Amino acid sequence: MEHQNTGQFVSFTLYRVAPEWRQLPKEVRQEDKEQLENIIRQFSIQNKNQIFGATTMGMMAEADFMLFLISDNLDAVQGLATAIAKSEIGGYLTRKTDLVGLENHRTYQDGAASGQSGTAEVSKLGLHRYLFVYPIKKKHEWYRLPLQERQELLDEQLLIAAKYPTLKLNTASSFGLSEQDFIVICQCENPQNFMELMQELRETKANTYTQNDAPILPGIHMGLHEVLDTLG
């Protein structure tokens, strides 16, 4: 029986601007940024999507900013990427990382470090200053464990996460969409709390079944105009 989609697709894309673009006259760069901002806003309005931005300047050498998209339609991921590629600045942008997933109720049970009282719905992304996004790929042995045992191991992580109620966490499933199994999304006002949570989760038994949980994508959420203004 075919299941009806009750969640929303999310995508997180890192972009890097070529050094040559920063050598262009200031007025040209300003026009490029204004055009890109208008393209993204119009795409969001016309397709009824939510698009947020975050700067990664100073936090990731390989990227300058991040765009995160929330949509009922997976086609929106391709559509936004195409619209940006066709912009004037598009020729100077390199896509560095793409994480795509589907947020739904089931992932709150299966995803690591999610589901506690501080969990935020995907539709409420962009409400906090700091954003940390990372993929999780589980070892095959994890899925061979009885469901009850897996839940007990996850419950240990949920109890730890509950100690940090100011962290707003949620999980998206990526099975069949990307190499990872899940995407974990954390929003917060104090990055130190996120660091402490990650350190504690490293010590749990469930973590021994994690094959990969990198890279962690850090960003500072800003208005789209502000994000683009950090580019130069």
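Q: Where is the place of proline 215?

A: Proline 215 sits in the loop between β8 (210-212) and β9 (217-222). Helices (H or I, at least four residues) and strands (E, at least two) are DSSP runs, numbered from the N terminus. Before we go on: this is a predicted model, where local features need pLDDT of at least 70, side-chain atom pairs count only at pLDDT 80 or more, and totals for chains, interfaces and linings use all residues. Residues are numbered from 1 along each chain as its sequence is written, and side-chain values use heavy atoms, with hydrogens and water left out.

Q: Which residues does a cis peptide bond join?

A: Most residues other than glycine have a negative phi, and most peptide bonds are trans. Here, the bond between alanine 214 and proline 215 is cis, with omega about 5°.

Q: What is phi of lysine 48 near?

A: Lysine 48 has a positive phi, near 55°, although the residue is not glycine. Its place is the loop between α2 (26-47) and β2 (50-55).

Q: Is lysine 48 buried or exposed?

A: Buried means under 20% relative accessible area, exposed over 50%, and partly exposed in between (1.4 Å probe, protein chains only). At a relative accessible area of 76%, lysine 48 is exposed.

Q: Which strands pair with β1?

A: Two strands pair if DSSP finds at least two bridges between them. Strand β4 (residues 93-103) runs antiparallel to β1, joined by ten bridges, and phenylalanine 9 stands opposite leucine 102 there. Strand β3 (residues 65-71) also pairs with β1 in the antiparallel sense, over seven bridges; phenylalanine 12 has phenylalanine 68 as its bridge partner in β3.

Q: Why is strand β1 largely enclosed by the rest of the structure?

A: Eight of the ten residues of β1 (residues 8-17) are buried, so the strand is largely enclosed.

Q: Which residues of α7 are buried?

A: They are Asn193, Phe194, Leu197, Met198 and Leu201. Seen down the axis of α7, these buried residues fall within an arc of 135°, so they line one face of the helix. The arc is that of the directions from the helix axis to the C-beta atoms. On the other side, Met195 and Gln199 are exposed.

Q: What covers the buried residues of α7?

A: Contact means heavy atoms within 4.5 Å. The cover includes β5 (130-138), α6 (147-161), β6 (168-173) and β7 (182-188).
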